[in-house]
Amino acid sequence: MTVGTRAWAASLAAGWSLLAARALAQTTGTIGVGVSTVRYEGFLPSGAVTVTPAVRWEHRTASVSAQGTYLRFESGHESLQGGVTGLLSTAAPSQRWRGEVSLSTGASRYLDFASFWHAVASARVHLLGQHRGAWIGGTAGTTSYGAGLRPLTVAGAGAWWRLPDLTVQLAANRSRVGDTIYTDVQTSAHAERGGVILDATLGARVWNWGVGSGTFGEASAAISLGERTALLLAGGRYPTDPVRGSVAARYLTAALAIRLSAPRRFAYRPPAAPHPASADGPSPGAGVHLDVQVQWGEPVRLVVHAPDATRVELAGDFTNWEPVLLTSAGPGTWETTLQIASGMHRVNVRIDGGAWLAPTGVTRSSDDFGGEVGTFAVP
């Protein structure tokens, strides 16, 4: 694994947030084209051109993502990497806990002699609160560098805190890969404002056997340039990773990410529902109405009126944009009660597994991706 994969991974979460936000239950593809400069420890600096295609499918509590990277260095040498990850979540974020199980496999090749692959399974249990949470998990699998197979195990735990526009996480992982044993302790931050998403990580490798120690840190930014494009910038130093076969390096990269498919916009229009007239026809959210019922010091009650619906889901910044299944409260009425912090919040609704829409009953405004989102305030 070289800097192209590492740099892309550093900004991938931000890029997906920008290019696939509120496009759940759909397949979204992107391709990134960029340039990087990298200095592997013990080697001279080198430049590289990267091409990174990726595809992601999400539906309710499951997702599958795949990505590949092609690199061409200044020397003319080439490198190829690829990986696939599947994730299954067992509970909605409105509950106090959530379980996750994931399977991941990947491989890389440089010239004709350096090849690497890994296959791992991971499990995590999350304890969820309104503004904070914690998780504990483990990973087991196999890695191979060349012809040798090495078993691997990883045990980890972490905690996170959510502030307005900022999420901070502290985590520790104890890894064993063959005869190599090491512990990483790191803190990370994620911030969003407008069309910009920032991520940063600072960590240290301690209590190691068979792999170097020291500090490391990375930062990335995803900047929306339109509905289908985003600029990705990333840089920093990452440590040697025996699990995925990367060598410690310092790097700086810039890439342009292009979404290959636009998100679907679902127009739920019951035959008998009245629609507000406009020059372009009915509004996409017509017929779906959201009531936000707030009482001081109490959880917020969210009621969706959707005639003839058989399944209603809601997602917002207060659920980390993960779907929450609403409960039927009578014909055409669906509701849920959530702890929501004071301030302005964004929300969308999904009817019968369709695409996400901005309901009536709340302020509707354009989002950063050419669509609409509902906004409301909690005092």
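Guide: Trp321 sits in the loop between β17 and β18. Strands here are DSSP runs of E with at least two residues, and helices are runs of H or I with at least four, numbered from the N terminus. This is a predicted model: local features need pLDDT of at least 70, side-chain atom pairs count only at pLDDT 80 or more, and totals for chains, interfaces and linings use all residues. Residues are numbered from 1 along each chain as its sequence is written, and side-chain values use heavy atoms, with hydrogens and water left out.

Trp321 has a phi near 60 degrees, a positive value in a residue other than glycine. At 19% relative accessibility, Trp321 counts as buried. The cut-offs are under 20% relative accessible area for buried, over 50% for exposed and partly exposed in between, with a 1.4 Å probe and protein chains only.

Now step to β17. Gly316 lies in that strand. Its relative accessible area is 0%, so Gly316 is buried. Beyond residues up to four places away in sequence, Gly316 touches Trp321, Arg346 and Val347. Contact means heavy atoms within 4.5 Å. Thr375 is 59 residues from Gly316 along the chain, and their C-alpha atoms are separated by 9.4 Å.

Compare the loop between β16 and β17, where Asp308 is placed. Asp308 also has a positive phi in a residue other than glycine, here near 70 degrees. Asp308 is exposed, with a relative accessible area of 64%.

Next, the aromatic pairs. A pair of aromatic rings is described by the distance of the centres and the angle of the planes. Rings of Phe, Tyr and Trp (its six-membered ring) pair if their centres lie within 6.5 Å; planes under 30 degrees apart are stacked, over 60 edge-to-face, and the rest tilted. By this rule there are 2 aromatic pairs. Tyr238 and Tyr251 have ring centres 5.7 Å apart and planes at 50 degrees, so this pair is tilted. Tyr238 belongs to β13 (residues 229–238) and Tyr251 to β14 (residues 249–259), so the pair ties together parts 13 residues apart in sequence. Both Tyr238 and Tyr251 are buried.

The other pair brings us back to the loop. Phe318 and Phe376 pair edge-to-face, at 5.8 Å centre to centre and 65 degrees between the planes. Phe318 is in the loop between β17 (312–316) and β18 (324–325), and Phe376 is in β24 (residues 372–378), so the pair ties together parts 58 residues apart in sequence. Phe318 is buried, and so is Phe376.

In soluble globular proteins, nonpolar side chains tend to be buried together.

Charges come next. A salt bridge puts a side-chain nitrogen of Lys or Arg within 4 Å of a carboxyl oxygen of Asp or Glu. The count by this rule is 5 salt bridges. Glu313 bridges to Arg311, with the closest N and O atoms 3.7 Å apart. Glu313 is buried at 2% relative accessible area, whereas Arg311 is partly exposed at 25%. Arg311, Glu313 and Arg350 are linked in a network of salt bridges.

Another bridge joins Arg205 and Asp184 (2.7 Å, N to O). Arg205 is in β11 (residues 196–209) and Asp184 in β10, so far-off stretches 21 residues apart are linked. Arg205 and Asp184 are both buried.

With a relative accessible area of 8%, Thr183 is buried.
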